[in-house]
Amino acid sequence: MEKLTQAQEAVLKLKRVYFDEISYDYHANGKECLEYEFNFEKNIEEMQDNCYRICLKANVTDQNHTVELHIQVVGEFECGVEDEEFKDKILNENAIAILFPYLRSQICLVTTQPENVPINIPPINVLSLFA
């Protein structure tokens, strides 16, 4: 077995995660079977050298707009990659994949109300949302 002589350090580090937008309007009677439409958006901005603010937003509604949910999770990441193309790939793929479970969980939590069926998004390939 080979000994590691140098500590391996992650190239992408999540420093902070929080929700900066949660809005939920529910005007259904709780007994309806609703079909939801999902729209996801992402935004990546550099805050300072190698530090990035990445926002992942979900807009959920039904055909008649009886349910409207707008929720955004923000992750502050440190990415110490020099190669710009590789850094772009890591931020657009890995960072989004890290944030998506937080978003899924919060959507379910917010929509779990008495007499309502919560919105459960199954585990999916989040990258396919932005392909």
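## Salt bridges

A salt bridge is a side-chain nitrogen of Lys or Arg within 4 Å of a carboxyl oxygen of Asp or Glu. The model is predicted, so local features need pLDDT of at least 70 and side-chain atom pairs count only at pLDDT 80 or more, while totals for chains, interfaces and linings use all residues. Residues are numbered from 1 along each chain as its sequence is written, and side-chain values use heavy atoms, without hydrogens and water.

Six salt bridges are present in the structure. One of them joins Glu-76 and Arg-16 at 3.4 Å, N to O. Because Glu-76 lies in strand S4 and Arg-16 in strand S1 (residues 12–26), this pair ties together parts 60 residues apart in sequence; strands are DSSP runs (E, at least two residues) and helices likewise (H or I, at least four), numbered from the N terminus. Glu-76 is buried at 15% relative accessibility, whereas Arg-16 is partly exposed at 45% (buried is under 20% relative accessible area, exposed over 50%, partly exposed in between; 1.4 Å probe, protein chains only).

## Helix H1

Helix H1 spans residues 84–111. Within H1, Lys-87 and Glu-84 stand three residues apart, about one turn of the helix, and their side chains form a salt bridge (3.8 Å, N to O). Lys-87 is buried, with a relative accessible area of 6%, while Glu-84 is exposed at 56%.

## Nonpolar core

The largest nonpolar core has 25 residues, such a core being a set of buried Ala, Val, Leu, Ile, Met, Phe, Trp, Tyr and Cys residues joined through side-chain atoms within 4.5 Å. Its largest share, nine residues, comes from H1.

Methods
Expected span 1.5 Å × (residues − 1).
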